[in-house]
Amino acid sequence: MTQAAHEPEMLSGGEMLIRSLKDQGVEFIYGYPGGAVLHIYDAIHNQSDVKHILVRHEQAATHMADAYARASGKAGVVLVTSGPGATNAITGIATAYMDSIPMVVITGQVMSHLIGDDAFQETDMMGLSRPIVKHNISVRDPADIPTIVKKAFYIAESGRPGPVVIDIPKDMTMPNEKFPYEYPDRIKMRSYNPVKKGHSGQIRKAVNALLQAKRPIIYSGGGVILGKASKELTQLAHQLNYPVTNTLMGLGAFPGTDRQFIGMLGMHGSYEANMTMHNADLILAIGARFDDRVTNNPAKFCPDATIIHIDIDPASISKIIQADIPIVGPVKPVLKEMLEQIEQSKLKVDTDALGLWWEQIEEWRQRHGGRYRSDDSEKMKPQHVIETLCKVTNGDAYICSDVGQHQMFAAQYYKYNKPNRWINSGGLGTMGFGLPAAMGVQLNYPDAAVVCVTGEGSIQMNIQELATCKQYQLPVKVLCLNNGYLGMVRQWQDMNYESRYSNSYVDSLPDFVALAEAYGHAGIRIESPDELEAKLTEAMAITDKVVFIDVQIDPDEHVYPMAVPGGSMADMFLSKTERT
């Protein structure tokens, strides 16, 4: 071989960035061009391996990348320009950060020598993003770009996942300045070494406590899905015959139609899940962070329970609720070792005590069981809409929601039997998330049924992305539960402000059917329960364009159960007239 064959390829900073993404296995970038990133966009134009998706607003780019990551488990990639391009991405970065979603966000920056001079479209993206990223990096030498990209993906996807920002001054991507390109096979960081397994002694303690429990419950969160441990969770639950509850972020980690599943827990959790948690003598928390929407008042949280807490992030353990048996480690290997130790243990489950516990749980399940008022056949109940959607899609769609009452109804009444099928903004609660999230999933799973469950308030925050759907032929279904109000705001105003609807009535709504058609899509309006199933079936059968399904629902319907503020998990409103 000649000496020339060993010489590295010479590429510009912009070319190295795109080649690095290709070598990382990235297929799509979601973004919007601007002055500071035009050298990068020119590099995109000159190749065909990494495809760029042109959104209509940078926030939508972050939500598309975020949803891709939630559905696939791999980091999504965003590219935006400096200044307003970068600041428009902030909400999406924070959304991913709050839910521990892996994402790499590449932001343009003004020329290096102009940084700090208040140059045109300059913002301090490093300072702005620091509180809402796992890590951020500023490029100071174009030759470092391949290593920086490799490092960004490693940090974003390993340990507790999260977004990483790469800020690139324009002069780092000059097309006429070439540097040797070599993409590293691996990254080793002295200051960052996520734990690979749990402590065997702590796992043994947990197993002993598990097998001696009389009133146990398994409480699993989004970390089970992020850790790809749904199979191990299901195996553990079936082996022990213990009840399982999921957080909002954990829905689908354990099959929603399984007899042992007692529903979502927390602020709008099922009656039986919240009562089981409150009365448990042992809680096995897996990949969950005991946030305020679960615990309500930490001082009153599950007073009789021994708590085993498994989490990849040591900072999450005992942060809000003290763990009696903490286990730091990735959930998959921890659960595998736990299963092995259960097989080897001389202790056995107390089947008599467990039988009595299940009798009590079934009594709670019979008392409420997700019931809702359906006495007025003329008014469409949102719960019935979601149940019908589940029936029409055989419970096998990707459901991407916005934030509000419709989100809670979609969490409560759709049965998620697989992980990565429920895509929603949990921690930040970002209205406008649903449509671009559905687009990100549809782009990467073109043959799947993908539904955006939204409200007439949320959908208008990123409705311009219907144009992106048209450009890239993304046939998502938009199911709008339209009650003419900001529904969750109205519910709180009903309950706490004597029904004074201050700025919660959404006046001057567009004709959503006509608007969808104006974008080149299809629109269907549903006004009667009698036509619901037939029209939803019709909408799901259309696979070549967006179908906007405008469903007129009862504006007076509330989400129940609902936690009583400041109470324990057993303190709930069960309807407008019932309280535990």
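What share of the contacts in the protein chain with a separation of 6 or more comes from residues 24 or more positions apart? The share is 75%. The model behind this value is predicted.

**Overall build**

The protein chain holds 21 helices and 22 strands. Its radius of gyration is 25 Å, close to the 25 Å that the globule rule gives for 580 residues, so the chain is as compact as a globular protein of that length. The C-alpha trace spans about 75 × 60 × 45 Å along its principal axes. Of the 580 residues, 59% are buried.

Strand β5 covers residues 103-109. Seven of its seven residues are buried, so the strand is largely enclosed by the rest of the structure. The cover reaches both faces. Met103, Val105, Thr107 and Gln109 are buried on one side. Val104, Ile106 and Gly108 are buried on the other.

Two strands pair with β5, as the table sets out.

| Partner of β5 | Residues | Sense | Bridges | A bridge pair |
|---|---|---|---|---|
| β4 | 76-80 | parallel | five | Gly76 with Met103 |
| β7 | 163-169 | parallel | seven | Val165 with Val105 |

**Helix α15**

Helix α15 runs over residues 382-392 and is mostly covered. Eight of its 11 residues are buried. These are Pro382, Gln383, Val385, Ile386, Thr388, Leu389, Cys390 and Val392.

What covers them? Just after α15, Asn394 takes a positive phi of about 55 degrees.

**The second largest pocket**

Rolling a probe the size of a water molecule over the atoms shows where empty space is left. The second largest pocket contains about 510 Å³ of space. Its lining consists of 19 residues. Tyr97, Ser100, Arg160, Asp313 and Ser316 lie nearest the centre of the pocket.

How does the lining divide into nonpolar, polar and charged residues? There are 10 nonpolar, four polar and five charged residues.

Key:
Residues are numbered from 1 along each chain as its sequence is written. This is a predicted model: local features need pLDDT of at least 70, side-chain atom pairs count only at pLDDT 80 or more; totals for chains, interfaces and linings use all residues. Side-chain values use heavy atoms; hydrogens and water are left out. Buried means under 20% relative accessible area, exposed over 50%, partly exposed in between (1.4 Å probe, protein chains only). Helices (H or I, at least four residues) and strands (E, at least two) are DSSP runs, numbered from the N terminus. Two strands pair if DSSP finds at least two bridges between them. On a 1 Å grid over the protein atoms alone, a cavity is a set of points where a 1.4 Å probe fits but cannot get out, and a pocket is an open set with protein on both sides within 12 Å along at least five of seven lines; lining residues have an atom within 4 Å of a point. Grid points are joined across faces, edges and corners, and a volume is the space filled by probe spheres set on the points. Ala, Val, Leu, Ile, Met, Phe, Trp, Tyr, Cys and Pro count as nonpolar, Asp, Glu, Lys and Arg as charged, and the others, Gly among them, as polar. The radius of gyration is taken over C-alpha atoms; the globule rule is 2.2 Å times the number of residues to the power 0.38. Contact means heavy atoms within 4.5 Å.
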